[in-house]
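This report covers helix packing and strand pairing in one model.

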Amino acid sequence: MSKIYDVIILGAGPAGLAAGLYAGRSRLSTLIIEKGQDGGQIAITDEIENYPGQRVEGESGASLVARMTEQAEKFGCERIADTVTEVSLDGEIKVIKTAKAEYQAKNVIVATGAFSRPIGCKGEEDYIGRGVSYCATCDANFFEDLEVYVVGGGDSAVEEALYLSKFARKVTIIHRRDELRAAKSIQEKAFANPKVDFMWDSVVEEIGGEDILSEMKVKNVKTGEITTVVADEDDGLFGLFGFIGTIPNSDLFKGIIDMDERGYIKGDENMGTNLDGVYVAGDVRIKSLRQVVTAAADGAIAATQIERKISGYL
């Protein structure tokens, strides 16, 4: 007979790892299933400065996540590297099917996170990996001493632009509004950086080039004027990085768990969903702030609710 876990956690980002930590410490039999790298989006963030208790200097997403992983494993969380292909969540025993096996649990925490939203310009898919990127820490070194452009105006966009300025000759932030949405402290760093420039009220319409990205059309949303950006002749290419929000990893649960029109899962204040024994945590759920600290809190709440239910307190 297959083992029936107290809880299976789908995803090993900050929400999933925090849930694993709390579940493990409560002596719940816990399985975390993650198809890729622990940490999700935060794992590719070069610098973190707003997570309480972190190292004040030199804390990266990877280093923070590594400690979270170690904590979860210390308290007995089992780990599986696999891709979930099908779920059955409406019964008392939940069934999770993966590419390699099948698992059962009394409770499930969906902590599958979100992924970067495409820029939305013509030609974008043709130049992914050939000039277009969504990860500064992954690809910044490819653009050393070149020009790069960053699309977006929130915290992530400006933070990644600052990181790219360590490598690129010049970084231009393209934003559809006339002011940034990033936190004031981050804005101040960007405005003070001599290598960071701005194209306000603008969107990228189309990109092109022979084999690699070397040309781009940018439209001013107020005047309609089109500006054609061409790579420096000596460079032959430039970089284009997109940081304009996220799309939830929730397709697997459509028609099963209640969600909004964008695909974010609905959860109550205790992370419960419309299905008994199914909880949601982190960036995949409807929430006003998607940060490491709120994801970790979600995971802790979900795991605690499960422990209380199993112990008979609910």
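The crossing of H1 and H2 is left-handed, a term used if the near helix is turned anticlockwise from the far one by less than a right angle, with right-handed for clockwise. The model is predicted: local features need pLDDT of at least 70 and side-chain atom pairs count only at pLDDT 80 or more, while totals for chains, interfaces and linings use all residues. Residues are numbered from 1 along each chain as its sequence is written, and side-chain values use heavy atoms, leaving out hydrogens and water. Helices (H or I, at least four residues) and strands (E, at least two) are DSSP runs numbered from the N terminus.

**Helix packing**

Helix H1 (residues 14-25) packs on helix H2 (residues 61-74) at an angle of about 30 degrees, and their axes are 8 Å apart. Axes are lines fitted to C-alpha atoms, for helices over the stretch in contact, and angles run from 0 to 180 degrees between N-to-C directions. The angle therefore makes H1 roughly parallel to H2 (under 35 degrees; over 145 is roughly antiparallel, 65 to 115 roughly perpendicular and the rest oblique). H1 contributes Pro14, Leu17, Gly20 and Leu21 to the contact, and H2 contributes Val65, Met68, Thr69, Gln71 and Ala72, where contact means heavy atoms within 4.5 Å. By class, this contact of H1 with H2 has 6 nonpolar, 3 polar and no charged residues. Ala, Val, Leu, Ile, Met, Phe, Trp, Tyr, Cys and Pro count as nonpolar, Asp, Glu, Lys and Arg as charged, and the others, Gly among them, as polar.

Helix H4 (residues 155-164) and helix H5 (residues 184-192) have axes that come within 10 Å and cross at roughly 35 degrees. The crossing of H4 and H5 is left-handed. Asp155, Val158, Glu159 and Leu162 of H4 meet Ile186, Lys189 and Ala190 of H5. This contact of H4 with H5 has 4 nonpolar, no polar and 3 charged residues.

**Strand pairing**

Two strands pair if DSSP finds at least two bridges between them.

| Strands | Sense | Bridges |
|---|---|---|
| E1 (residues 4-10) and E6 (residues 102-110) | parallel | 6 bridges |
| E5 (residues 94-98) and E6 | antiparallel | 4 bridges |
| E6 and E17 (residues 278-280) | parallel | 3 bridges |
| E13 (residues 215-220) and E14 (residues 226-230) | antiparallel | 5 bridges |

In E6, valine 110 is the bridge partner of leucine 10, and valine 110 also stands opposite valine 280 in E17. Valine 95 stands opposite glutamine 104 in E6. E5 and E6 form a hairpin with 3 residues between them.

The hairpin of E13 and E14 has 5 residues between the strands, and glycine 224 there takes a positive phi near 80 degrees. Lysine 219 has isoleucine 226 in E14 as its bridge partner.
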